[in-house]
Amino acid sequence: MNMAVDKNQSVLRVKLFGLLREAVGINEVTLILADECITVEGLKRDLLVCYPVLASLNVPFVVAVNRKVADNTAKITSCDEVALLPFVSGG
Amino acid sequence: MIAIVYQPIDVSAVLREASHDSSGASVLFLGSVRDHGEKGAVSEIYYEAYLEMAEDALRKIEHYVIEHWNLLGFVTIQRLGLLKVGEVSVAIAVSSEHRKEAFEACSYVIDAIKQSVPVWKKEISAAGSRWVEGVMLEDNKEDGYV
């Protein structure tokens with residue numbers, strides 16, 4: 001999603017995997033942060049608004065921040081490595 | 001050693017790499033693509049991973065099992081990409097002084113992979129495709145995964 005970015009705003013890049021990646025059609029989405037940081041809960045809320053296809057999928061996912069699963073209260077900045085992870089099925 | 005690869009896994013090399021002159025037991029586990037899933041026939045499975053996080057998770061499993069079961073050798077390789085029925089998707093080889101530790105460790109590793117490594121698979125058949133529903137990743141426990 002292309003949006004104009006104010007010089008005071010920062011852009012968070014979010015990696016997608018599995019059926020989330022396939023549904024959106026790209027490996028990574030971006031979100032413009034209104035503030036310096038956002039919580040995981042806020043990220044989920046904003047992503048579902050910006051990318052309605054994620055909401056329509058109605059599948060659970062967790063958020064990894066810097067390669068670790070983060071809880072809803074964790075704070076994220078544009079410097080963090082962030083990914084949405086649906087249920088895994090390795091092996 | 002751990003690795004995530006796109007090319008076919010050389011299972012003989014995996015077993016050889018895990019062997020050790022002081023070990024009395026080696027166990028090799030191979031996960032492969034079967035011709036059916038919960039929803040019917042399967043012709044291929046597509047595997048993808050969050051590579052960096054998956055490598056971190058495999059290394060954590062490696063460190064845990066080597067210490068917990070006093071392993072003398074450890075190799076785990078996860079393959080990604082499009083695999084046909086019969087192809088090996090994951091190979092685990094461990095060696096230890098006695099067989100009990102090797103069996104237990106190998107069993108633990110495959111369970112831990114399924115619960116803690118960000119890998120996804122999509123079953124493909126003539127009728128279509130579906131992402132396999134596994135488990136949600138959780139915060140890694142400090143003393144193990146299972």
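The model is a predicted one. Chain A and chain B together bury about 2,200 Å², of which 60% lies on carbon and sulfur atoms, and the contact draws on 23 residues from chain A and 29 residues from chain B.

**Area and composition of the interface**
- Phe87(A), Val88(A) and Gly91(A) account for 32% of the area that chain A buries against chain B, which is more than any other three residues supply.
- The side of chain A that touches chain B is made up of 13 nonpolar, four polar and six charged residues.

**Polar links across the interface**
- Between chain A and chain B, 15 residue pairs are in polar contact, counting pairs with both residues at pLDDT 80 or more.
- Two salt bridges are found across the interface of chain A and chain B, and Lys122(B) forms a salt bridge with Glu22(A) in which the closest N and O atoms are 2.5 Å apart.
- On the side of chain A that touches chain B, helix H1 (18–24), strand E4 (61–65), strand E5 (68–70) and strand E7 (82–86) of chain A supply at least two residues each, with H1(A) giving the most, at four residues.

**Helix H3 of chain B**
- Helix H3 of chain B, residues 99–116, contains 18 residues and reaches 25 Å from its first C-alpha to its last, close to the 26 Å expected at 1.5 Å a residue.
- The buried residues of H3(B) include Ala102(B), Cys106(B), Tyr108(B), Ile110(B) and Ser116(B), and the buried residues of this helix pack against strand E2 (25–32), helix H2 (51–68), strand E6 (73–79) and strand E8 (88–96) of chain B.

Notes. Residues are numbered from 1 along each chain as its sequence is written. Chains are lettered from A and ligands numbered from 1 in the order in which they are written. This is a predicted model: local features need pLDDT of at least 70, side-chain atom pairs count only at pLDDT 80 or more; totals for chains, interfaces and linings use all residues. Side-chain values use heavy atoms; hydrogens and water are left out. Contact means heavy atoms within 4.5 Å. Buried area is the accessible area (1.4 Å probe) that two parts lose on being put together, summed over both. A salt bridge is a side-chain nitrogen of Lys or Arg within 4 Å of a carboxyl oxygen of Asp or Glu. A polar contact is a pair of N or O atoms within 3.5 Å; within protein, one must be able to donate a hydrogen and the other to accept it, and residues adjacent in sequence count only if both atoms are side-chain atoms. Ala, Val, Leu, Ile, Met, Phe, Trp, Tyr, Cys and Pro count as nonpolar, Asp, Glu, Lys and Arg as charged, and the others, Gly among them, as polar. The expected span of a helix is 1.5 Å times one less than its number of residues. Buried means under 20% relative accessible area, exposed over 50%, partly exposed in between (1.4 Å probe, protein chains only).
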